[in-house]
Amino acid sequence: MKKLMIGFLTAVTIMGMSAKAFAEDLNTQKFHSEVTEDAFPISNYAPKDVDINKVLICGKNIELGRNGVLIYKGKIMVPLKTTAESLGFKVEADKDNKTVRLDNGKIKINVYVGTDGFGYTSTDPDTMVLAVMHVLGAETIIDDNTVYVPINLYNSLFNDQKTVGSFFVRNKDGQWIYSHNGELTTGWKLINNKWYFMNNSGIMQRGWVQYSGSWYYLLNNGEMALNTETPDGYKVDQNGKWDGKSASTTVNQNEDELDIINPIEGFDTIDDAQKALKFKVTVPKELLGKYNIKYINAISRNLFQICYVNKQNDILFRMAQGTEDISGDYNNYKTNIVVNINGSNVRLKGDDNLIKVATWSLNNMSYSISVNDGMKQDDIIKIIKSTF
């Protein structure tokens, strides 16, 4: 494959790093992977060309402008004045810009530059918290005469770990990072059913990566390419793996290899997948028609999925340990109801009297069924019952 790779890496840097440094940087990368909720979309074009740069706090999209965020000590840092004023706080700094006071009439805090922490006083009778000190993991800093604080300050301030939402945002260098409730994401991340990879500095990656002798391609928007032809003419399968065949384009040799762990493993049989998983695999016993297996995957060896297909529909069944929504589908549907099936509460979502997503939990296991063209409610309930 080294002899076939095009010259996008010959004399190149990736995200401002040499390919060699990039590979060495990831040698110590710990693998992380989880399904997450809806996020700001990334365009089909290069993210740096998208004219959005917002953070989501208290359900409000706050525009940061071209300055973006900073990454400091593994924390996402945001301009204090811009974010606090957008949330209704009056912001005052002392003459030396060392102490900044925030006051919204109910909550008053002092933020100290150079100190990891803030003084918190609440006059809200429902809160009844006085003069409590909180630490955030990084001290408040000044950059270009702007005071920056860890964005997770707002989770502490409002006593809710989901006050800060999940979203893509650019740093000051125009590179994309991803916040999961205020924490910097590294490693593989499944977002709206698309895989992305952030290096150990939190920067979203693009281009070819290699693992265990197989090659995978991350598009300009960060998504891992699946079952398609890459921009340089190579084909990747439904697991994102290069098929090993040459492209129609002329390519140059690349001397450096990138070693990034791909989270998706493909299997020929359910039994083969079972051997790679720590939990017992269950699959639907009734599909209400003749279906063939399209693919069987284990994702990070934490999630099992099997896709069934016929001429009318694809049915994707997933299961994993825990109680999270693992469907990967976080669209807003007209139908969004909960029904009780065999003692379990099952959420059904869809449009036009057709259910497209079903999610439920049982015995500390999460399950989901996704139907690309939708299915009648009674029919999908029959499939769900066949999994118990």
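Tutor: A residue counts as buried when its relative accessible area is under 20%. The model here is predicted, and 50% of the 388 residues of the protein chain count as buried.

Student: What is the secondary structure of the protein chain?

Tutor: The chain comes to five helices and 31 strands. Of the contacts between residues at least 6 apart in sequence, 53% join residues at least 24 apart.

Student: Is serine 368 buried or exposed?

Tutor: Serine 368 has 1% relative accessibility, so it counts as buried. Its place is in strand S31.

Student: Which residues is serine 368 in contact with, leaving aside its neighbours within four places in sequence?

Tutor: They are Leu316, Phe317, Arg318, Ile326, Ser327, Ala358, Thr359 and Trp360.

Student: How do I read a pocket?

Tutor: Rolling a probe the size of a water molecule over the atoms shows where empty space is left. In this model, the largest pocket has a volume of about 770 Å³. Its lining has 30 residues, and Asn193, Lys194, Tyr295, Leu316 and Arg318 are the closest to its centre.

Student: Which elements give two or more residues to the lining of the largest pocket?

Tutor: Strands S19 (194-198), S25 (292-299), S26 (303-309), S27 (314-321), S30 (354-362) and S31 (365-375) do. S25 gives the most, with four residues. Domain 2 (188-244) and domain 3 (264-386) each supply at least three residues to this lining.

Student: How many residues of the lining are nonpolar, polar and charged?

Tutor: The lining divides into 12 nonpolar, 11 polar and seven charged residues.

Student: Which residue other than glycine has a positive phi near 55 degrees?

Tutor: Cysteine 58 is one of them, with phi near 55 degrees. Cysteine 58 sits in the loop between strand S4 (54-57) and strand S5 (60-63). Aspartate 352 is not a glycine either, and its phi is positive at about 55 degrees. The loop between strand S29 (344-351) and S30 holds aspartate 352.

Student: Why does aspartate 352 count as exposed?

Tutor: Exposed means over 50% relative accessible area. Aspartate 352 has 62% relative accessibility, so it counts as exposed. Cysteine 58, with a relative accessible area of 41%, is partly exposed.

How values were computed:
Residues numbered from 1 in each chain as written. Predicted model: local features only at pLDDT ≥ 70, side-chain atom pairs only at ≥ 80, totals over all residues. Heavy atoms only, no water. 1 Å grid on protein atoms, 1.4 Å probe; cavity = no way out; pocket = protein on both sides within 12 Å on 5 of 7 lines; lining within 4 Å. Points joined across faces, edges and corners; volume = space filled by probe spheres on them. Nonpolar A, V, L, I, M, F, W, Y, C, P; charged D, E, K, R; others polar. Domains from an automatic or database assignment. Buried < 20%, exposed > 50% of the residue type's maximum accessible area, 1.4 Å probe, protein only. Contact = heavy atoms within 4.5 Å.
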